[in-house]
Structure formats: C-alpha cells, structure tokens
Amino acid sequence: MAVLKVEHLCKQYASELVVNQLSLTIPAGICFGLLGPNGAGKTTTLKLCLGLITPDSGSIELMGMPVPDAGPKVRLRVGVVPQFDNLDPDFSVAENLIIFGRYFGIKPDVVRANVPELLAFAGLEGKEKSRIRELSGGMRRRLTLARALVNDPDVIFLDEPTTGLDPQARHLIWERLRQLVAKGKTLILTTHFMDEAERLCNCLAIMDHGKIIAEDSPKRLIENLIEPVVVEVFGDGLDDWLATVATGTGCRIERAGETIFCYGQDATAVLQSMVTFPGLKSVVRQANLEDVFIKITGRELRD
Amino acid sequence: MFNQRALAVWLRNFWVWRKLAVPSVLGNIVEPMLYLLGLGYGLGSLLPNVAGFPYIHFLAAGIVCQSTMNSATFEALYSAFSRLHVQRTWEAIMHAPVSLDEILMGEWLWAASKSLLSGCAILLVLVVWGITSPLHALAVVPAILLTGLCFAGMGLVITSVSPNYDFFMYYFTLVIGPMLFVSGVFYPVTQLPVWLQWFSQLLPLTHAISLIRPLVLGESLTLAWLHILVLLLYGGIGFQLSRKLARKRLLS
C-alpha cells in the first residue's frame with residue numbers, strides 16, 4: 001500500500017515554480033530518498049506533503065488522508081526531523097520529549113515512562129536533565145530524531161538529517177535509521193549526500209528545478225544512467241591532451257576545472273592515450289551515484 | 001481553536017514561566033510600585049485631591065492598567081516573536097498535529113494570563129496598602145483579564161508581521177507610548193483639550209481605565225458595556241487579524 005501518493009503537485013513562489021508537476025508514490029516500509037542540489041525544491045516538497053504549506057495545484061494523500069484538507073490530524077502518525085534545529089531551549093532534554101508528546105495529546109506520564117528508551121535509541125543515555133545548549137550538534141540532531149519518535153509514528157520525514165554532522169555522528173544516525181526501517185517504519189528523507197542516499201535508500205528520486213528527473217534504486221540508477229568506468233585525468237599537459245587525443249578514446253568527456261572526467265566502458269583507451277603525456281596523472285574508478293547526479297543535474301554551481 | 005492542543009501551547013509557556021516565577025512576579029511588582037511611590041508621593045504632595053481622591057489612589061488604578069497593558073504587550077511581542085522566529089518553537093509545534101490557529105490561540109491566552117498575573121500582583125499590593133478593599137479588588141480581576149486579552153490580541157498582529165525585534169520600537173513609540181499619556185493613567189482625560197479627549201475615546205487603554213478605576217476606588221461604573229465592547233473589539237479583531245497575517249507568513 002502506498003504511504004504517500006502525490007500527483008501533479010505544483011507550488012509557485014513569486015515567478016518561480018519551486019515544485020513543478022511532481023508525482024510520487026512511496027510504498028510502506030522503505031527508505032525513500034529525495035536527492036537534489038540546493039534549491040531543487042526538496043524541502044518545499046516535504047512541507048507540502050506534511051500539510052504545512054498549501055499547494056497551488058495537484059493532490060497529496062498521506063496514509064490515505066487528503067493533504068492539506070484533512071488538517072493537522074494527518075500528522076498524528078507522522079514524525080518530522082527538520083533541517084534546522086528547533087528543539088525547545090527553555091527545557092531540558094527529557095522535558096523536550098514530554099512537552100512535545102503533549103502536542104500529540106499524550107499524557108506526560110506516558111512519555112516520561114518512554115524517555116529512557118527514546119534516549120537510549122538516540123545514544124543519549126543519562127542526558128535527561130541536560131540543557132539543550134549543552135548538547136553538541138550531533139546530540140541535538142539525535143534528540144530531534146528521538147523527539148520525532150515520541151508518538152511512535154508510522155512515517156518519518158527527515159529533511160537533510162545529517163547535514164553539518166561529523167562522520168561518527170552521521171554513521172550513528174544512519175545505523176538508527178536502518179533500525180527504524182527494519183521495524184517497518186517508512187522513512188522519507190531529503191539529502192544531497194550521495195553516500196547517504198546510496199547506503200540508506202531503497203529507492204531514490206533525483207530532483208531538480210521542482211521536477212523528478214530520475215527515480216529508481218541507487219544500484220539501477222548507476223547501471224542505467226551512467227557508463228560503468230570513470231577515469232579522472234589531471235596534471236601537466238592536460239590542455240594539449242584534451243585538444244589532441246582525448247576525443248579519440250571514444251569516452252564521454254567532461255571538464256571540471258583542472259580535472260577531466262572520462263566516462264566509458266573501460267579505461268584502456270584513455271590510459272593508452274596518456275602514454276605520450278608523462279606529466280598527466282589519472283585515477284580509475286567505478287562510476288557512482290555522484291556521477292549520475294552530476295550527469296543529470298549538471299556541473300554549474302547552485303545557491 | 002480553543003481546545004486541548006491550544007491548551008498544550010498555553011501549558012508549554014506556563015511551564016517555562018514556572019521555572020522563573022519568583023523573579024518574574026517580583027519584576028512585575030517592583031517597577032509599577034516605583035512609579036506609584038515616586039509619582040504618587042512626589043507629584044501627589046503638590047496636588048490637591050484628583051477627581052475626589054488622594055492622587056496616589058487615583059494613580060493606583062492607572063498603574064494597574066498600564067502594567068497589565070505592558071505585560072500583555074511584551075509577552076505577545078518579544079516572547080512570542082522569540083518562539084516564532086528565533087527559537088522556531090512554533091515550527092516545531094506545527095510538526096505535531098497542532099494548527100497555526102491553535103498556536104495563536106494558546107499564545108493569545110497565555111499573554112493575557114501573564115498580564116492577569118501582573119495585574120493581580122499589583123492589585124494585591126494595593127489591598128495590603130489599603131488603597132482598595134479585597135471585595136473591590138475581586139471585581140477588578142475580570143476587567144484585568146479583558147484588558148490583557150485586548151493588548152495581547154493587538155500585540156500578536158505586530159508579531160505576525162515583524163521582521164525583527166527592532167520593528168517593535170515602532171509599536172512602542174507610535175502606539176503604546178502616546179496612548180499612555182492620553183488615556184488617563186496619570187491624570188483625568190478631562191484635563192486634555194476637547195479634540196484630544198475625543199481622540200482618547202478611540203483608544204483601548206482609555207476604556208480599560210474607565211472600567212478599572214471606578215472598580216478599584218469603589219465608585220459606580222458608567223457605560224460599562226461600552227468599555228467592555230471596545231476592549232473586546234480591539235482584542236478580537238487583533239487576534240483575527242494576527243491569524244490572517246501569520247498564515248500568510250508561515251503557511252503560504
């Protein structure tokens with residue numbers, strides 16, 4: 001059964017179509033990733049699906065309820081981890097969970113009994129009485145995740161859950177998110193980290209300019225949308241090499257600053273063409289999700 | 001809108017207040033008392049009876065109103081704005097099944113409740129001082145709540161459109177400040193030129209004072225329905241307007 005069904009969703013700010021005819025169907029029990037450069041419309045899409053902003057047109061159905069017509073009650077079985085920290089600085093760690101439970105109509109005693117379990121899940125054992133200001137960025141993000149679980153939701157929306165975290169904190173969050181999927185929860189997350197998308201998500205939608213431009217499992221996106229081997233070439237003589245022999249290799253060639261990326265079926269032709277350019281260096285690797293992403297969203301900088 | 005979820009928002013603010021209740025209540029009493037002592041004795045010694053009462057008695061009711069107005073205004077402006085903009089508390093609450101309307105209702109009632117606490121704290125001092133009787137003071141309590149709702153509703157309008165804290169200075173300089181001097185807090189409105197008296201009748205603080213001063217001093221009320229109506233209108237229209245503006249700011 002589809003947990004989220006979005007059809008022809010549009011949202012315009014000023015003259016810009018931030019979400020443009022977007023359609024999505026997300027089945028229960030998977031981790032679904034919305035991948036896209038900054039300004040692609042990921043956060044707006046999440047907010048629309050949560051009923052926090054009103055769409056201009058299109059339809060959204062979250063767990064069988066029409067959004068935003070069904071009102072705030074669609075969020076009863078939903079957890080949200082927002083992009084920016086909005087923990088309540090006036091309260092301690094445990095109080096944050098208890099107060100948040102109240103907004104769902106959960107009695108303080110019920111949440112209080114669950115606090116140790118929630119904090120253990122977030123790796124925050126013994127932090128009940130800590131002030132929010134005393135927590136590191138990683139701890140805050142984990143507490144935000146624990147807070148999103150206060151109502152034992154079926155679906156959890158996460159907007160860039162690991163942005164700004166160190167590798168240790170990111171790995172812990174990933175590990176916890178996998179546990180949630182194993183428990184049967186549906187995760188819907190936005191990210192612009194390729195490794196996050198590749199490791200966590202069963203299904204990915206790559207989004208740009210308010211549209212979904214590719215949708216599949218990470219593995220199949222790589223298989224279907226990009227050549228299997230990449231040779232990165234850099235060093236002295238790059239311009240000469242590019243002007244003379246590079247195009248003869250039969251590879252798809254892209255330049256980003258002082259590096260040339262050659263995409264092809266294998267590396268042999270490229271490596272042979274470099275023999276007469278002793279100043280050139282190269283790295284041969286398998287194509288990955290980032291190559292797919294760059295190929296379909298382009299190399300130009302986004303703000 | 002007035003439901004369990006709005007109450008949860010009210011409770012959140014109450015729990016924060018409870019942590020700092022003692023300094024908060026002291027702060028609510030000390031400043032108005034300084035006004036009352038300084039102006040009441042200092043200015044009062046130069047004045048004969050004002051409107052048939054010792055000046056300090058006349059001023060006391062004005063100070064109750066001013067203090068209620070300030071308390072509701074500060075809470076609906078600075079504190080609510082922190083929760084809306086700086087701390088993103090409203091955003092977090094909206095991730096739960098709470099609507100923006102319910103948040104505003106909780107904030108409106110909370111700002112009014114806090115000003116009720118302020119007003120009552122001063123009222124208590126006036127009873128102990130002997131300026132008013134316990135029975136008269138009890139009759140003032142609903143009028144304080146009404147005054148609080150009025151200024152909290154007006155304050156939320158400003159909060160809903162404010163880009164930053166500095167914006168609030170316009171409201172204080174152009175609305176709250178001038179109102180303080182033409183609404184009869186420090187002297188009877190009848191001392192003002194006629195055109196200013198008419199203007200004064202348009203201001204909510206004038207009506208709060210017209211309601212509260214006779215109650216504090218044990219005099220009979222005149223045109224009570226009009227004063228109640230004006231306060232309800234300012235508060236109610238303010239609240240409705242803040243709903244529209246906040247919706248535009250956060251939900252569009």
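This is a predicted model: local features need pLDDT of at least 70, side-chain atom pairs count only at pLDDT 80 or more; totals for chains, interfaces and linings use all residues.
**Stop 1: chain A as a whole**

Select chain A and show its C-alpha trace, which spans about 75 × 45 × 35 Å along its principal axes. A cartoon view of chain A displays 10 helices and 14 strands. Colouring by accessibility marks 51% of the 303 residues in chain A as buried. Among the contacts in chain A with a separation of 6 or more, 69% are between residues 24 or more positions apart.

**Stop 2: Glu258(A)**

Next, select Glu258(A), in the loop that runs between strand S12 (252–256) and strand S13 (259–264) of chain A. With a relative accessible area of 57%, Glu258(A) is exposed, because the threshold for that class is over 50%. Beyond its neighbours within four places in sequence, Glu258(A) is in contact with Val233(A), Phe234(A) and Leu238(A).

**Stop 3: salt bridges within a chain**

Over all chains, the count comes to 26 salt bridges. Begin with Arg140(A) and Asp85(A), whose side chains meet at 3.0 Å, N to O. This pair links distant parts of the chain, 55 residues apart: Arg140(A) belongs to helix H4 (residues 137–148), while Asp85(A) sits in the loop between strand S6 (78–81) and helix H2 (93–103). Both partners are partly exposed, Arg140(A) at 24% relative accessibility and Asp85(A) at 32%.

Then select Glu254(A) and Arg252(A), a salt bridge in which the closest N and O atoms are 2.8 Å apart. Here Glu254(A) is buried, with a relative accessible area of 18%, whereas Arg252(A) counts as partly exposed at 24%. In chain B, select Glu75(B), Arg83(B), Glu107(B) and Lys114(B) together: salt bridges that share partners join these residues into one network.

**Stop 4: the interface of chains A and B**

Show both chains and select the residues in contact, 23 from chain B and 29 from chain A. The two chains bury about 2,200 Å² between them, 62% of it on carbon and sulfur atoms. Highlight Trp15(B), His95(B) and Pro97(B), which supply 29% of the area that chain B buries against chain A, more than any other three residues.

For polar features, nine residue pairs are in polar contact between the chains. On the chain B side, helix H1 (4–19) and helix H4 (89–95) each supply at least two of the residues that touch chain A. The largest share, eight residues, comes from H1(B). By class, this side of chain B has 13 nonpolar, five polar and five charged residues.

**Stop 5: Arg12(B)**

Which residues of chain A form salt bridges with Arg12(B)? One partner is Asp88(A), with the closest N and O atoms 2.6 Å apart. Another is Asp90(A), at 2.9 Å, N to O. Asp90(A) lies in the loop between S6 and H2 of chain A and Arg12(B) in helix H1 of chain B, so this pair joins two chains. Asp90(A) is partly exposed, with a relative accessible area of 22%, whereas Arg12(B) counts as buried at 1%. In total, the interface holds three salt bridges.

Key: Residues are numbered from 1 along each chain as its sequence is written. Chains are lettered from A and ligands numbered from 1 in the order in which they are written. Side-chain values use heavy atoms; hydrogens and water are left out. Contact means heavy atoms within 4.5 Å. Buried area is the accessible area (1.4 Å probe) that two parts lose on being put together, summed over both. A salt bridge is a side-chain nitrogen of Lys or Arg within 4 Å of a carboxyl oxygen of Asp or Glu. A polar contact is a pair of N or O atoms within 3.5 Å; within protein, one must be able to donate a hydrogen and the other to accept it, and residues adjacent in sequence count only if both atoms are side-chain atoms. Helices (H or I, at least four residues) and strands (E, at least two) are DSSP runs, numbered from the N terminus. Ala, Val, Leu, Ile, Met, Phe, Trp, Tyr, Cys and Pro count as nonpolar, Asp, Glu, Lys and Arg as charged, and the others, Gly among them, as polar. Buried means under 20% relative accessible area, exposed over 50%, partly exposed in between (1.4 Å probe, protein chains only).
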